[in-house]
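Hello, and thanks for taking a look at this one with me.

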Amino acid sequence: MSPIVELKDVRKSFGDLEVLKGVTFDVNRGEVAAIIGQSGSGKSTALRCMDRLETIQGGSMLICGHELHDDDVDLKSLRRDVGIVFQSYNLFPHLTVAQNIMLAPRMVKGMKQRQAREIADTVIAKVGLREKMDCYPEQLSGGQQQRVAIARSLAMEPKLMLFDEVTSALDPQLTGEVLRVMEQLAADGMTMILVTHEMAFARKVADRVIYMRDGKVHEMGSSDILRTPATPELAAFVSESA
Ligand code: ADP
Ligand code: MG
């Protein structure tokens, strides 16, 4: 198996505050990795570095063949390969679902209207919202808006999907519908890295669990580490999160 994500001793500071203190892990093609850990442990920063929304200051980071520690990394090409979805959906309110999804394929990839529409039809079906294509975001529930945000990312046909606590703003029922979409994506073979508080979901779907603590990977392994943690810190975190 070939890693499509390789972090080696990655370091990142904001001013005097060192947030990533030498983070090392790999993710192979087709794997699902769940990053868990206390608030402030550096999970979002690590994810944002993977899409070069933040630059790293030490170590190396290879994402879908792009060397992110290089100053001359091709950002446009990186952003085609990597999709990122956040807790807030950030859909354009004045555009319909179809227009939201077609925007990047049209603008970034220069796709013709018809081809972009075909892709939009495919990805909206994946998130189960075909009947909402002509709705505006405000006409959708939070869970539906988040599924549209996922579809919008998929429309760029990424090789890697990053999810940062995408269900944190949703109530349990809406959380379930978003998690089901992510589970289906995983089953379809998408490589995914997700920061999540959903322990049951991580246990079920993740091939690899990465427990971050104070800017470092404190414990990492298969999802079995959630059942039988090796460190007292992960054991405490798991029991707090249950
Ligand atoms: P997590 O996602 O695990 O909660 P974050 O990666 O968001 O953690 O944050 C890790 C630390 O970095 C926190 O102390 C946070 O306040 C700090 N931090 C994150 N982003 C910035 C920023 N842009 N500027 C300054 N400090 C930041
Ligand atoms: Mg975070």
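**Notes on the fold and the ligand site**

1. Let us start with strand β7, where both faces are covered: Leu-160, Leu-162 and Asp-164 on one side, and Met-161 and Phe-163 on the other, are all buried. Buried means that 20 or more other C-beta atoms lie within 10 Å of a residue's own, exposed means 12 or fewer, and partly exposed is in between, with C-beta atoms placed from the backbone. Counted over the strand, 5 of the 5 residues of β7 are buried, and β7 is mostly covered. Strands (E, at least two residues) and helices (H or I, at least four) are DSSP runs, numbered from the N terminus.

2. A word on what you are viewing: this is a predicted model, in which local features need pLDDT of at least 70 and side-chain atom pairs count only at pLDDT 80 or more, while totals for chains, interfaces and linings use all residues. Residues are numbered from 1 along each chain as its sequence is written, and chains are lettered from A and ligands numbered from 1 in the order in which they are written.

3. Where does β7 sit in its sheet, and in what order do the strands come? The sheet is open and has 6 strands, in the order β6-β7-β8-β3-β9-β10, with mixed pairing. Its edge strands are β6 (82–85) and β10 (216–221), each of which pairs on one side only. Two strands count as paired if DSSP finds at least two bridges between them. On average, neighbouring strands of this sheet are turned by 15 degrees against each other, direction ignored; the axes behind that angle are lines fitted to C-alpha atoms, for helices over the stretch in contact, and angles run from 0 to 180 degrees between N-to-C directions.

4. β6 and β7 (residues 160–164) run parallel and are joined by 4 bridges.

5. Because 5 of its 5 residues are buried, β3 is largely enclosed by the rest of the structure. Val-32, Ala-34 and Ile-36 point one way, Ala-33 and Ile-35 point the other way, and all are buried. On one side, 4 bridges link β3 to the parallel strand β8 (residues 191–195), with Ala-33 partnered by Ile-193. β3 also has 4 bridges to β9 (residues 208–213), again running parallel, and there Ala-34 is partnered by Val-209.

6. In β10, please look at Val-217. Val-217 is buried because 21 other C-beta atoms lie within 10 Å. Leaving aside neighbours within four places in sequence, Val-217 is in contact with Val-23, Thr-24, Phe-25, Ile-210 and Met-212; contact means that the C-beta atoms, placed from the backbone, lie within 7 Å.

7. Which residues surround ligand 1? They are Phe-14, Leu-17, Val-19, Gly-37, Ser-39, Gly-40, Ser-41, Gly-42, Lys-43, Ser-44 and Thr-45. A residue belongs to this shell if its C-beta atom, placed from the backbone, lies within 6 Å of the ligand. β2 (17–28) and α1 (43–50) each supply at least two of the shell residues, and the largest share, 3 residues, comes from α1. By type, the shell divides into 3 nonpolar, 7 polar and 1 charged. Here Ala, Val, Leu, Ile, Met, Phe, Trp, Tyr, Cys and Pro count as nonpolar, Asp, Glu, Lys and Arg as charged, and the others, Gly among them, as polar.

8. Two loop residues deserve a check of their backbone angles. Most residues other than glycine have a negative phi. Arg-52, in the loop between α1 and β4 (58–63), has a positive phi near 55 degrees. Asp-214, in the loop between β9 and β10, has a positive phi near 50 degrees. Arg-52 is partly exposed, with 17 other C-beta atoms within 10 Å, and Asp-214 is partly exposed, with 14.

Notes:
Two residues are in contact if their C-beta atoms, placed from the backbone, lie within 7 Å.
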